[in-house]
Amino acid sequence: MRILDGPLLPLRDKVVEARGLAQRGAFRDAEDLLQQSLDTVADEAANPMRPYLARDLLLDRLIDNAAARFDDEAQLRFIDRKVALRTAFWGADANATLAARNAFALQLCKLGRCAEALEMQDEIERKTLALAGPDARNTLVARHNRTVTLAQMGRYAEALEASQGLAARAEARWGANDATTLRFRNAVATFYTDLGRYAEALALHERVYEARKTTLGASAPDTLSSLASLSASYSALARRREALALSQRLHELSAAAYGPQHPGTLNAAAALALELRRAGRLEEARRMAAATWERLREVLGPRHPDTLYAMNIHASILEQMGAHAEALAVSTQAYEARREVMGELHPLTLAARQSLGRALLSAGDTQRALAELTQAHEGHARLLGLQHPYTLLALVERLRAAIAADRIDDVRHLLPAFRTDVEALRAQHGLSSKSRRTLFERYVEGYRHYALASLREGASEQAFQLAELSKARTLLESTALQRANRAGVLPSAAQEAVERHEAELAALDRALDEAKGQTDRRQALESERNRVVRAYADLQRELRERHPKYRLLMDPPQATLADAAKLLPANSAFLSYLTDGDRVLAFVVERRGLVQAVELPALPGLSDTVEAYRKLVGDALEGGQAVWKLGPARYRIAPSNTPPAPGAEQVGDARPIGELLASHLLAPLASATAGRERLIVSPDAALALLPFEALPVGGEPLTRRHDVSYVQSLSMLALLQSRTAEYRQLRARRTLLAVGNPRYQGGAEAPRPAAARSAADGGAVDAVAAAQSLAETETEVDVDEAIGMLREASWENLPGTAREIEAVRGVVRRGRVDTLTGDSATESKLRSLDREGELSKYRYLLFSVHGYLSTAVPALSALVLGQVANPPGIDGYLTAAEWPGYTLRSDLVVMSACDTGVGKVVHGEGVMGLPYALYVAGNTSTLMTLWPVADESTARFMTAFFARLSANETPQQALSATKRAFADGAHGEKLRKPAYWAPFVLYGS
């Protein structure tokens, strides 16, 4: 403040006093004092510079004071006065004036007036270029500011093209880690995300974030901006766990750096509320969004863009929680305010209109919902183009409303291009398999709507192909990749490069597993993993180009109806189901092609009813649970002492529920499936957890009429049959490796004939149940804690499995049978067999062990091997995440453990977990369970099954015959109940 000397010296005391007032929160008093001081500055003819500098300084203090109280309108007014001051003193084209005008334009856009801002920035850029030249920092910054405004207006492609050039120039002049260069690079990465170029966005965001954190510190404003952008990139990919962890970290750092009430912190809180909603933690999300919206109204005003952003998030949470009336009221207010402040075609206005449409649809006003969602989709198309990811997501919501309003014809013409565009988005280079899967999950609903529209139009074959495209996409690709990598078609150097990348990814996955609760450490590892994924993708692209056989193995074609003739066995039918909400489409395919395609009667609450049947027929209800009948065709599991709805009736017999499901899912297909010896079922969503064999048809279970097996899709069946043909060429295969009776506890334990293959009694039950419950309720958020709790659990010994292993050994009369029991039934031993190439020599694998299930965190599901005296780095849990690192060439893996066929149902994939992982490892078919199984009955079942398998029956034939024998009472009256034979389901070829 040296300029405040001489006759202006009294103003210095006023500025100091104003600063003190502001520090005490008396911002209005500080503004009044600064304004009075500004008014007292007199012109000096002899030294005009001094009063100019004093006025400029006082205006800076007024701008800072307005910013401190978060008054954007006041900031705009004072910046405007600064522009006028500098124009009068320096002229309109001076550098100082242009800098002030640049600040004014940025503030205009912040307030939603981006079109005005852009017009001003165009003029500023031209004048700065003429004044300073093309490579001056001022020129580049002016151009950068213009790109930010373009992006705010949804003109992302223009913004990206300009920003890429600016970043290259800045790096050439000032280096890669210069603050201006990083600012421009961050913008490029953000525009990549906005355009759906997610792999490129993630790579660049990670690079900029690490550079800023290193050079500026973790809590610097620019670093926090990069952290917010990185979280947004993961969110765009639907990588919920990563996005939420980064959002939480951003909120923590912002609160520490700025204080809890600062707009930066409040914006971070709004973003965190959004991620909590996406993770399913709705009550937390609601509380945070409501508090943030209220505080922003107080701090920035009710119509500020940041306030409206928080308001829209709050409305979306209310809608998802079922508070339809309140959600509709808030959504309407948010949309109207955004339209007035920002204009009809601003991206945030269109997002608010989508929220309004969703609220109307949830409230049952389908016609108005369709009108609003149509306008939102068409607005996105005009602003961004039909192929933009935001436009495609808007079309999915429009489709949903069109179906609800029975006006599918309104959108039918848009659907072929939708499929093409989503496939291109999904296929972009450099995405990991997980990112590809989660990204597709955002759009797969549109494929289901498209299939429904096609079926209603009479295009049944097209509907079937869309159903195929909606299932097991990443599983098919991951299985094909491992097949190509292990086929021996690559030169040794290329094979070594592939194995090196696979090993790096496996090591990083283990490191991520061990970095419990360390957000920064996990992010650094995730960044490194993404780097390896991109390098591996580059290698695969090169290998595809150089090695045609490798390309053919890596890129299996989608199976078509024309392939059915060679894929389906004689006298069989392929039943493919596709769910679209509570609607179910069913397709029956035979060797001669598609024989039936039908939209089945809608069954509200289908997933709840399926789960109720599975638990009830399997005697698998947990303590305190009961099945309740909510209406004539709806059932739900709820606490036994609390009816879930008025008039609900508690039921204890599974048969009526089975009859209901059979009447909806099987009866309409009876004529097309009659007389077929084998049914190959391709289920979808909740139907993947339904034991079709147990459903009563004509008074008897379906298994009495048909051999039933399952597969994820026709394309997956084709791949597995090809794998089976390859394995038939293998020589000197051993018949069976049976693993059972691991040592879970050190001491000897008396046999417990009825022991369940689940957690031990006492405290261990609590630990495992808590880990599982935590993972399920937190939807992968607290997976680190769940893993920790799992590894602290103990398991009861299963001495009955030793008898099972011996009984199975006794009935397998051909070939070599090896066993791992007791101290040999360990993860270390299995790893050793895999390293030595021995594990891949077995045709069949049997695991008679405990199983651990996590429906929310599929990678956590595991076969539990020995828990005593494990060496460092071995925990005894053979998880779904670890199986793909093993090499199998097995025709069948039998998992004689609890719930091994259950996992997280992922749209576009099916059930994630152990079955998925075993396919990727090289297995062909898997026998698994849908609920907990008991030692004694399972031992009998496995012995009978393997006896038939040893007698040259196929796995399908052996399984069906064993089930029928149990159902007929051949193994005792008690074991006739479906609870003992229906949990075993066979997936594969």
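User: Hi! What sits over the ring of Trp-293, and how far from its centre?

Analyst: Hello! That's the charged end of Arg-297, 4.1 Å from the ring centre of Trp-293. A charge sits over a ring here if NZ of Lys or CZ of Arg is within 6 Å of the ring centre and within 35 degrees of the ring normal. Before we go on, this is a predicted model, where local features need pLDDT of at least 70, side-chain atom pairs count only at pLDDT 80 or more, and totals for chains, interfaces and linings use all residues. Residues are numbered from 1 along each chain as its sequence is written, and side-chain values use heavy atoms, with hydrogens and water left out.

User: Thanks! And what about Arg-473, which ring does its charged end sit over?

Analyst: The ring of Phe-440, with 5.3 Å to the ring centre.

User: Moving to ring pairs, how many aromatic pairs turn up in the whole structure?

Analyst: The search finds 16. Rings of Phe, Tyr and Trp (its six-membered ring) pair if their centres lie within 6.5 Å; planes under 30 degrees apart count as stacked, over 60 as edge-to-face and the rest as tilted.

User: Why is the pair of Tyr-52 and Trp-90 edge-to-face?

Analyst: Because the planes of Tyr-52 and Trp-90 are at 85 degrees, with the ring centres 5.8 Å apart. This pair links distant parts of the chain, 38 residues apart: Tyr-52 belongs to helix α3 (residues 49-68) and Trp-90 to helix α4 (residues 72-90). Helices (H or I, at least four residues) and strands (E, at least two) are DSSP runs, numbered from the N terminus.

User: Is Tyr-52 buried or exposed?

Analyst: Tyr-52 counts as buried at 5% relative accessibility, while Trp-90 is partly exposed at 43%. Buried means under 20% relative accessible area, exposed over 50%, partly exposed in between (1.4 Å probe, protein chains only).

User: Which residues do ring pairs link into a cluster?

Analyst: Tyr-577, Phe-692, Tyr-710 and Tyr-987.

User: Now the whole chain: how many helices and strands?

Analyst: The protein chain has 39 helices and 21 strands. Along its principal axes, the C-alpha trace spans about 115 × 60 × 55 Å.

User: And what share of the residues is buried?

Analyst: Buried residues make up 57% of the 989 in the chain.
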